[in-house]
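Student: Could you take me through the salt bridges here? I am new to this structure, and I would like a close look at that one part.

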Amino acid sequence: MPTARAALAGWTFSGDLRHYQADVLDRVSVQTEDPLHIVAPPGSGKTLLGLLLAVERGARTLVLAPTLTVRRQWAEAAIALSPDPAQVSEDPDDPRALTALTYQVLSVLDAVNPLAGLAHTRWCEELEADGRSAESAAAWVADLARTNPDAYRSGIARRSRRLRRRLAREDADFLVAALHPRARDLLDRLVAHGIDTIVLDECHHLLDHWALVVAALVARLRDAGRRPLVIGLTATLPSPDDADEYDNYTSLLGDVDYEVPVPAVVREGNLAPFRDLVRFVEPTAQEMAFLGAHAEGLDVLLRSTFSRDAGLAHLVEALQPADVDGDADARLAAAFGADFGGAEAAAAMLCTVAPHHPLVDLLPHAARRPPTSEEALRLLGRYAVERILPDPARSEQWERIRRALADFGYSLTDRGVRRSRDPVDTLLASSLAKDHAVCDILRIERREIGDDRLRALVVADFERHGNRHGGLVSAAGALRTFDVVAADVAARGLYPVLVTGSRTHIATRDEDVLLPALERELGVPVAAAPLEGGVVSRVHAPGVGAAGMVRAVSALLSDGPVGVVVGTRGLFGEGWDCPAVNTLIDLTAVATASAVQQLRGRTLRCDPAWPGKVAHNWSVTAVLPAGVPLRAAPDVDRLRRKHARLWGLDRDDRSRVVRGLAAAASARQRTLLTDLVEHRRDVPVAALNAASDLGGRAATRAEWRVGEPYVDREAAGALVARRPGTPVFRARRRTSRVLGGAIGGIATLVAAGIAAAATAGPLAAIMGAVVLGGAGLWALPPLVSAWRASRGDGVELYARIAAVVGASLESAGRTRGAVGAPSVTEDRGSPDHIDVWIGFPHAALADQRLLAEALAELFGAVRTPRYVMEVGRGGRAWIVRRLLGGAGAEEDVRYLPVPALIGRRRADAEAFAALWDRRIGPSALHALDRPEALALAARARRASAGSADAGTIDSWS
C-alpha cells in the first residue's frame, strides 16, 4: 500500500475535461482544512470531478454514496484512473487507497434500541398529560405491548427517533454510542487507516444522524492529528425548512464554493436542451361541488360572524386599538405597525362585510379587497379564541367554528389556530383533472414528435394518496393516474406501464405485446390478471422485485415498445437513469429545490439514439375558476416555488436564460394567471393554456445554442411587471405643462426685468439683474428636475432611479465594491403586460442581489418601512409650483418605501432623498418610526396602490 499522504500518486486522467470541470479545478484549492462544497446537476460529471479533486489532494480517500448502485459507479470510475485496481475497495473491512462505501454502512444503528426505556416512559407521560393517572397510563401501554406488539413497537420506534435526534444535537458522541458495534469498529478502522480526504456524494442526503456520524468521524480524525478535507458534491441544496437538519448540513459543509449551472452543461452538449411547460386544469364537476359547498358555508359563517355586533366590533378594534392616542389614521397605522398581517386581514374582511363603514375610506388600497381564504380562516380562529371561548354561553358557536375550520385544514384549540392538513390544497394537488391532463399532454407530444420518438415519464408522489375529498372516484396517486391513461385513446399504441414499489400494471389490450417483452428482459415467466373493469391488468413475475422490474421496464422504454411509464417519486425521482426519456409529466406536490431539480434531471441525460434530443418538462397545476368564492391558489403557489430555482429559456425572450416562472410561463400567461388568482376577471383555463406557445423541439435546440462559447456568468436583477400606460409614479400632463410654462416664464421675466431696470440707471439695472438672475438660478434647477420627472415614463426613468439606488447603497457601504451603471431593458411582448428588467452587470453577484432586492422593495407596496418618500412633492420645485399655481393635487402624490438597506441609518436615507431630488424629481422624506408619523403611514399605504409588481430574477449567460 502507498503511504497515506501519497496514496493516489500515479492516478491519471487522459481524457478531455469539460469547461466547468477545468474551471472548478482551477478555482478551488484542496490543500486546506476548510470543506469544499460543490453543486452540479445530474449528468455533469460530478464523479470524475470528485475523483480528480481527491487525486490532486493525493491522500487516502473515503467516498460515501447514498446507494449501492452509486457506490459501484464510484469504484468503477476510480479503477479507470488508478494504475492498480487493487488500490480501490468497496469492502468496509478492507480499506485501500480509495474506499467507496454507503452512508448506511457507516451509520447503521444498534439492533437493540438504546432509547426504548426512555421512549416507554415518554409514552406514559404523554398519556398522563392527556388526563390519565400514572397507573392507568402504564397499564394501557403494557396491555398494548401484549395485545398489539406491532403497534407498540411502532410507537416506541417513533418516540425513540425523536429522542435520538434531540439528544444527538446536544451530544454527537451519544449518537456514536448508539451505533451498531460493527459501525463503531468501522469508524476506528478508518481512523487507523489514515483517511485524509472524505468525498460525500449527493451530500444533500446528509441530514439528521447521517450528518452527525460523518461529523463524528471528522472529529475523530482530527483528534488523531490529521486535518481531513471534506468534499461535498450534490445536484442541489437541501431545503432549510427543517432548521435543525439544515444546520447539521451547513455546519459540516459550509457555504457553496462552486455551483455548475445547468445551462453551462447544456451549452457544452453534456445535457439535453429542454423546455419547461405548464398545463393548467380546473377541478372536475364533483370536486367543484365539494369546493362550492365549502366556500358557500364559509362565506355564510364569515358574514354572519363579522357583519354585525361582536364580530364587527372585533374588526374595528383590530384596526382601531383603544390603547393608542390620536386620530383614526394614527390608530390605523399603529394597528398595521403592530401586526401587519392581522390588520390587513381585518381590513379586507371589513371591506367585504361592511363596505360602507367609515373606516373603509381610510384603508390602504391593497386592503380593499376580499380576504384570502387563509386570512379569513385565521381571522375567524383568532376571533373565536379571544371573543367566544371565554363565554360559556357561546359554546355552540365555538363548536360550529371549530368544525368549519377543520374542513379547511385548521385545528382550533384553546391555544389558537394550528394548520393541519388542508383539504382544499389536497384536493387541488390531487385533482382527477390532472390525470386527464396527462392524456392531453400525451396527445400534444405525439403530434409533436411521433410515437417512435416519444418516451414519457409520469410521476406521482405515491402509489395511492388516500384523498377522497370531493367525491373522487378513487384515491389519487399513480394507480388512479394509470387507470385514466390506460383507458384513454391518447395512450393507445404507446404501451403504457405502471411500476411502483409493490406492483406493475399494464393495459389489458397490450398483454400480447408487453408480456413476451417482459419475459425476455426478466428471464422468468410473466403472467397478467385483469383487474376489476377489465381495462387494466396486474403483472406477476415470480421472484422479481421492484428494482428488477424497474430495470426491465427501463430497457423496454429505451428500445421499445414502451412509450409511457407511470410511477412514484420514490422510484423515479432520484437515482434512476434512462437517457431515452424526453418528456416528464410532473404530478407531484413536492416543491423543495432538491426534489424538483432531481426530478427534472430524469429527462436531461443525452440520448445516444437521438443526438438531437430535446426534453419537455411539464408541470400540471390546478386553478380555481373565478366563479368560486374561495380566494385560494395553493397549487399556483406551489408552481412558483417549484420553478424558483430552475433555469430555463425565458418564454418571451429566448436569448435569455433565467431562473423562475418566467422560464415556464409566458408574460401573457403570468398576467392571466394573476388576474384569475386575484379575481380581477374571469379567465378560462383554456385561455391560460392557449397563451403557451409550445414551439418545436428543433427551434428549442437552436435557441440553446449548444456548442457555442459562453461566459458562465450568473446575474441577478429586478423584474418590474407593469401594465401599459402606468408610469413609475403619477404626474399629470397639466403639471408638466405648468412646469414647462414656468421655466419659460422665469426666463422671460428675468430678461424683461433687466431691460426695465436699465432705464432706471446703471446701478438699479445691476441690482435688478442680480436679484432676478438669482431668483431664476434658484428656481430653474428644481423646476428642470421636476419637469424631467413629469415626463419620464419608461426605460430612461427606470435607469435613473436604478442609478440613484445603486449610488445610495454604494455610498452607504452596503455593497462590497463599485456597482457601476445599471442596465435596463423593456419587453412589450404582451399587449397588457410590460416587463422591465433592471440589473447592474458590472457589480459582483452578491451586490447584484442586494441591488435587485432594494429595487423590488422600492417599486413594491408600502408595508412597514422606516422611511417613505413622498414623490411629486417637496423641495424648491414644489414651492415654486405652489407660487405659480401649478402644484399637483393629492392624487398626483405617491409614496415609495425607502429600501431597508438604505433606511437603516437616517443619514443614508437623507442622502438617498437628496440624490433623488437632484436626479429624479422633487420628493419629501418621512420617517415612520415616530408616534406622530402614524397617520402619515396610513396615508402612505393608501397612496401606494402600486403600478407594478416587482421581484428579483436571476439570469445566466
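Tutor: Start with a definition: buried means under 20% relative accessible area, exposed means over 50%, and partly exposed lies in between (1.4 Å probe, protein chains only). This is a predicted model, where local features need pLDDT of at least 70, side-chain atom pairs count only at pLDDT 80 or more, and totals for chains, interfaces and linings use all residues. Residues are numbered from 1 along each chain as its sequence is written, and side-chain values use heavy atoms, with hydrogens and water left out.

A salt bridge is a side-chain nitrogen of Lys or Arg within 4 Å of a carboxyl oxygen of Asp or Glu. The structure holds 48 of them.

Take Asp586 and Arg600. Their closest N and O atoms are 3.1 Å apart. Asp586 sits in strand E17 (residues 583–586) and Arg600 in helix H25 (residues 593–600), 14 residues apart. Helices (H or I, at least four residues) and strands (E, at least two) are DSSP runs, numbered from the N terminus. Asp586 is buried, at 1% relative accessible area. Arg600 is buried too, at 4%.

Next, Arg659 bridges to Asp954 at 2.9 Å, N to O. Arg659 belongs to strand E20 and Asp954 to strand E27, so this pair ties together parts 295 residues apart in sequence. Arg659 is buried at 5%, and Asp954 is buried at 10%.

Now Glu317 and Arg387, which meet at 3.0 Å, N to O. Glu317 is in helix H14 and Arg387 in helix H17, so the bridge ties parts 70 residues apart. Glu317 is partly exposed at 48%. Arg387 is partly exposed at 25%.

Finally, a network of salt bridges links Arg71, Arg72, Glu76 and Glu90.
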